[in-house]
Each structure stands twice: as C-alpha cells, then as structure tokens.
Amino acid sequence: LGGEAHRALRQPELKYYLTCAQPRTFTGGWTYTLPDWMVDGDTIDVAVNGGGGGGSGAVHRANGVGGYAGAWATQTPTLGTDITSGTTTLTVYVGHGGFGGGSNGTSGGAGEASYVSGAGFATITAAGGLPRVYATDHGHWWGDASTGVTLNDYFYYGGGEQNAIHRDGNSPGGGASGGYGDYQYGSPGGFGADGGGYLMARQAE
C-alpha cells in the first residue's frame, strides 16, 4: 500500500453498495479495494444493512402483513491491527430482500444477511429482516423502515417505510408491504429491499 510519499492529508473516502452483486438465484459479493494511500494505522468505518423481509400475501377482503427491516451492524477495523497488514481488498456481500408471499396469507421470505469480510478480522454481519405472520400480525400491512445508523459522526441512510400496499421495500433494507385484499382476490406481498454496505476509509490523525 501507499508509503510516506502519499501521506498528504486525505479526506474520508466513502464507497457504497446498495444492490446485490449477483441475481437472486446466485451468491457472490462485491470487491472493495482499499485506497492506495492507506497505511497501517488507518481505519475503515464499516456499516452493513441486511435485506428486508418480504410481505405476506393478502387474504380475501383483508390485506397481508408487511416485513421487518434488515438489521444494521457497524465496526471500525484498523489496518495492521484488525485487518492484516498489506491487505488490498475486502469482500462486501449485499443480502437479497425476502420473497413476497403468495395469496391466502402466505408468509413472505426472510431477507438475507449482509456482511463484510477480509483477512485478519471477524466477518461483520447484519441480519436480514424477518417476515411477519398473518395469523398473529394482521393489521400491520406496511413494510418497516430501515432507520439508518450513525458511526463516527456520519449518518448512513436506510430505506424508508413502505406505506403503499402491495409494494416492494425501500432500499436499502426496508421491509415490503403486504398484499392487497379485495372482494374477489388477494394479491401477493411485495419483495423486501436488498440490503446495503457502506465503507468509509479514514486517514489516521
């Protein structure tokens, strides 16, 4: 990584990942490349958000129920202490949102966990949002907001509440709303939003 010739004052450098690297039927992560100016003692703020839970399908004349939002996890590993010295890349996996449930009150799917991994430190993992169950949660038709998180005085935004019926969750990490129930049929629930990953490289003071 960069040496003393590159130690001019650097502003924090943010990169973010708000979509999955692979289609829903595959797994795979993004590759985050550490800035070339980083040396041992510099840090990376990591904030990850799990995928949102899917909404349940509607029941005849009754709306389905919305999914929970994905959880957040944060950490600030230090290069040369937590992250192995000489590391140049980390893996960022953005979890898929949960599937929407079919009609007749079928539950949606849970969102996948999102994580950041690399040499020398424990994987930083944020759980995906769970689906609600129609039998016990009927009446909660909207999808929950992923409210965001603050780390080292910087606020990382999550997806807002989904307050329209039969809609996918808001990115990143928002839960989907439930299906719409009318007099003739019940529509499926929405899909939870994919999660997110934010990485802010910081020069040591």
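## Salt bridges

Asp144 forms a salt bridge with Arg132, and their closest N and O atoms are 2.9 Å apart. The pair links distant parts of the chain, 12 residues apart. Asp144 sits in the loop between helix H1 (134–137) and strand E8 (149–151). Arg132 sits in the loop between E7 and H1. The model is predicted.

Both partners are covered. Asp144 counts as buried because its relative accessibility is 16%, and the cut-off is under 20%. Arg132 counts as buried because its value is 6%.

How many salt bridges does a search of the whole structure find? The search finds two. Besides the Asp144 pair, Asp45 forms a salt bridge with Arg202. Here the closest N and O atoms are 2.6 Å apart. This pair also links distant parts of the chain: Asp45 lies in strand E3, Arg202 lies in strand E10, and 157 residues separate them. Asp45 has 0% relative accessibility, so Asp45 counts as buried.

Strand E3 covers residues 43–49. Seven of its seven residues are buried. In a regular strand, side chains alternate between the two faces of the sheet. Both faces of E3 are covered. One side carries Thr43, Asp45, Ala47 and Asn49. The other carries Ile44, Val46 and Val48.

E3 pairs with strand E10 (residues 196–202). The two run antiparallel and are joined by seven bridges. Asp45 stands opposite Met200 in E10. E3 also pairs with strand E4 (residues 72–75), again in the antiparallel sense, over four bridges. In that pairing, Val48 stands opposite Ala73.

## Nonpolar cores

Nonpolar side chains tend to be buried together in soluble globular proteins. The largest nonpolar core in this model has 21 residues. Which of them touch the most other members? They are Tyr32, Ile44, Leu90, Val116 and Leu199. Four strands each supply at least two residues of this core: E3, E5 (89–93), E7 (121–126) and E10.

Another core, of seven residues, lies apart from the largest one. Its members include Ala47, Trp72, Tyr198 and Met200. Ala47 belongs to the face of E3 that also carries Asp45, and Met200 is the E10 residue opposite Asp45.

Key:
Residues numbered from 1 in each chain as written. Predicted model: local features only at pLDDT ≥ 70, side-chain atom pairs only at ≥ 80, totals over all residues. Heavy atoms only, no water. Buried < 20%, exposed > 50% of the residue type's maximum accessible area, 1.4 Å probe, protein only. Pairing = 2+ DSSP bridges. Core = buried A, V, L, I, M, F, W, Y, C linked by side-chain atoms within 4.5 Å. Salt bridge = Lys/Arg side-chain N within 4 Å of Asp/Glu carboxyl O.
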